[in-house]
Amino acid sequence: MNKDIKISNIQIRALIVSTIIGIGVLGLPNQLAVAMEKDGWIAIILSGLLTIPVILVINQIFKDNPGKDFFEIGESNLGKILFTICLIIYLAYYLAVGAYISRVLGEIIKGFLLLETPLGLITFTFIVSIAYLVVSEIDIIARISYMTYGLTIGFALILILLAIPGADLTNILPMIQSDIRQLPEGIKVALFSFAGFEVLLFAIPFAEDKKRLTKTSISGIVIVIVLYLVLFLVTLTQLSIQQIKSDPFPLLMVAKLINLPGYFLQNLDGLVTAIWVIIIFSTMASVYYSSSKILSKIFRAKSHKASVLILIPVIYFLAFLPKNVIQINNIMSNVVIYLAMIVIFLIPFILFMVGRIKRRIRQ
Amino acid sequence: MSAHLFNSIEKNLAYIREVFRDNDDLIIRELEVGDIFNVRMCLVFIDGLINKEYLTEYAIEALLREEEIKSFTLKGYKTSIFEAIKKQILYSADIKAKAKWDPIIDAILSGDTLLLVDEFPQGLIIDTREPPSRGIQEPQTETVVRGPRDGFTESIKINTSMIRRRIKDTRLKVKMLKVGRRSKTDLALMYIDDIVDKKLLDEVNKRISAIDIDAVLDSSILENLIEDNYLSPFPQMENTERPDAVAAAIYEGRIAIVVDNSPFVLLAPATLGTLMQSSEDYYTSWVEASLVRFFRQLGLFLLFLPGPLYVALTAYHPGLLPSKLIYFVAASRINVPFPAIVEAVLMETTMELIREAGTRISGPIGTTIGIVGGLIIGQAAVEAGIVSPLMIIIVAVTTIATFVIPSYEYSAGFRIVKFGFFILAGFLGLYGITLGIIILLSHLAKLNSFGIPYTSPYSGLGIDEGDLKDTLVKGPIQSFRMRPGFTHPKNKRRMRRDKKDE
């Protein structure tokens, strides 16, 4: 473990927020509306709260094993072979998410900004640009996250301010009309949009102030919950529920409807897409970093720089494996979501429990 | 070679003549002192580096006039004649006895005078340095409306004293070092001992002692040698001509490196925050300073974004503009035969040529270049229909914005980056610009300045200490009760406002 790398607490909070908020935020209102109509906000709050125990567990794992990083803890708790299998699951998950992000980004850019540019070029340039950042260590990614964190929040605030004049508050009402049986489906959708906080597994060992870490990480999740809620409600006030259900990216539609005062800029969707690429960038950076770090650990390489290079073609290839958007969505909701549940919820719990049990036995 | 001096003055002189062979500006003045024994002495110095009047009045005259020495024998009766000269006779303020050749020859080369006495294997170094220098003038690059008007000169002694005048504290340290095997350039590290972070100081010392080069002609060469990433277009140290800026930086816990022969003093570490500060900000009202800061930050974006945005919007996404603006842009480009990217590169190239010509040539010809370049070419290009008037406006704004940034090197970095953005915008439109921003942000985040993140305080370090008060805006002086956090100062409190704080 490299002792020179240091991440401050505010950077960790930013890392959580910027990693979680990414590709999901554009489509979240749509998916929630499909699952739970106007009551999607319940799913946001509930699944946000569901992540908090996991965060506590992750924090506790590192408190139980001070001075060790995730890989060392995993190896000592689960043993080499079992842990390597875990790492391969992690790698599969991260590569799937990375490929998904790159492909969807390409599709959105092609749909909104560059109608005639080949999709492959867009995706490839995106992966390569991020590879430039990812060859460095997690403290650099934390710095970037802090900058995009400011951008994300500022951007959301501006969007909300601009949306106020055209807001129709009656759209939000009536609340709590949906069937309780729809709730699990809504939570499944919303929970996946909270994926990303597992970056803590790689960040916590380098935190400067370990005492207040739990509080900081939870505050990060709270910020995300609030942002998601506000954006969902803003979408509701701007569009009818039918529109939200039929448009895969309702937030872009909202941006399209907004006119800047004085009509200096119209059709903000292009601009929003461009800025959103920067928000995605920090998500992709943590995902890419995590996958290359895991790959280098599986092969016991000292530096993860080589794996970053190896993963460029791999992610690119995986991104173009599905033929169309429908296939992508099928794979995501049938395979990757369950992979995410294993990676985000199950493995940290197993690590924690095994560590505790082993300690008991030793005593 | 580092041999001791010889006993015989003949041998010593022969040695000096050998070392300084073909150096016709070396002057050896031989004297015979004393009525009885006529002790042979000689003064060795280099013409032009020393103050001759001073040497004549306080060394030669003293040696020849003093009654005491006339009756001395070689060995003297209480003390030796050498000791007597050192302690009783010479009027000079700074005298050192040396027995080895290397320091003596370095001293002669720096403008000191060597006094040799027959039968003594030692030399007296008399400080007579007066290198040719200009007086203290107003800095050329960082003028202020209000604030001190003195600027650094090429002499390290004058420069360090100008900083000392502003920090009358024994804890201000001036550590003299030498770099350059042949140039033996003096440099001074200045810092306040109980504020500066020891790790930072060790890092600076380590990097300077690792330098092995024949000559350091200017502080910029030293800067390139010790900065973290020498391949980056962005400066990782700050430089300034203003002693008040240096003093302020030292009070913040930073380290100043004064290099002889250079009027630019280096400051480490530098961050995105400090590079946007100008000393004028601290001498005007905080409201005005904040306003100026805002426009400066805006200028930073105007420096590299408008041109590429123009290219991207006209070539790829005209739909993003409001309808009225589209018609206007389309009408202004109706006669232009080139695509926007060619038009932009054409104008940017012209602008760079005009700028380079204007920088090298000053005075009346410079004005001509300004008129021909700015007015005639711009006017003619638009009338001929080669470029659109909008492009001319964008290039003009971009150029003005480069001068808004206090640090020349910093704005030059963005000027270089701008060309990359043009290429990206030409190929990938708005998405290309976004990619450019991603790469730029990544590059900046990867940079360190002596172990301090270059992107401070925007990347987290120093936020808790309130560094944003003095970067994004400039708060009133009463709000700066703590030193900025990015330097990890040992002594944090800057101001006490009431009894409770003490």
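This is a predicted model: local features need pLDDT of at least 70, side-chain atom pairs count only at pLDDT 80 or more; totals for chains, interfaces and linings use all residues.
Chain B is divided into three stretches, which are listed in the table below.

| Domain of chain B | Residues |
|---|---|
| domain 1 | 9-126 |
| domain 2 | 156-270 |
| domain 3 | 286-453 |

Between the C-alpha centres of domain 1 of chain B and domain 2 of chain B there is a separation of 35 Å.

Chain B also holds an open sheet of 5 strands, arranged in the order β6-β7-β9-β10-β8 with antiparallel pairing. Its edges are formed by β6 (172-179) and β8 (238-240) of chain B, each of which pairs on one side only, and the twist from one strand to the next averages 25°. Strand β7 (residues 185-192) of chain B runs antiparallel to β6(B) and is joined to it by 8 bridges; within β7(B), Asp186(B) is the bridge partner of Lys178(B). Packed on this sheet is helix α6 (residues 156-164) of chain B, which touches β6, β7, β9 (255-259) and β10 (265-268) of chain B and whose direction makes about 10° with that of β7(B).

Turning to the contact between the chains, 30 residues from chain A and 26 residues from chain B take part. On the side of chain A that touches chain B, two or more residues each come from α1 (9-20), α6 (119-134), α7 (138-163) and α13 (269-298) of chain A, and α13(A) supplies the largest share, 6 residues. By residue class, this side of chain A comprises 20 nonpolar, 9 polar and 1 charged.

Methods. Residues are numbered from 1 along each chain as its sequence is written. Chains are lettered from A and ligands numbered from 1 in the order in which they are written. Two strands pair if DSSP finds at least two bridges between them. Helices (H or I, at least four residues) and strands (E, at least two) are DSSP runs, numbered from the N terminus. Axes are lines fitted to C-alpha atoms, for helices over the stretch in contact, and angles run from 0 to 180 degrees between N-to-C directions. Two residues are in contact if their C-beta atoms, placed from the backbone, lie within 7 Å. Domain bounds come from an automatic or database domain assignment. Ala, Val, Leu, Ile, Met, Phe, Trp, Tyr, Cys and Pro count as nonpolar, Asp, Glu, Lys and Arg as charged, and the others, Gly among them, as polar.
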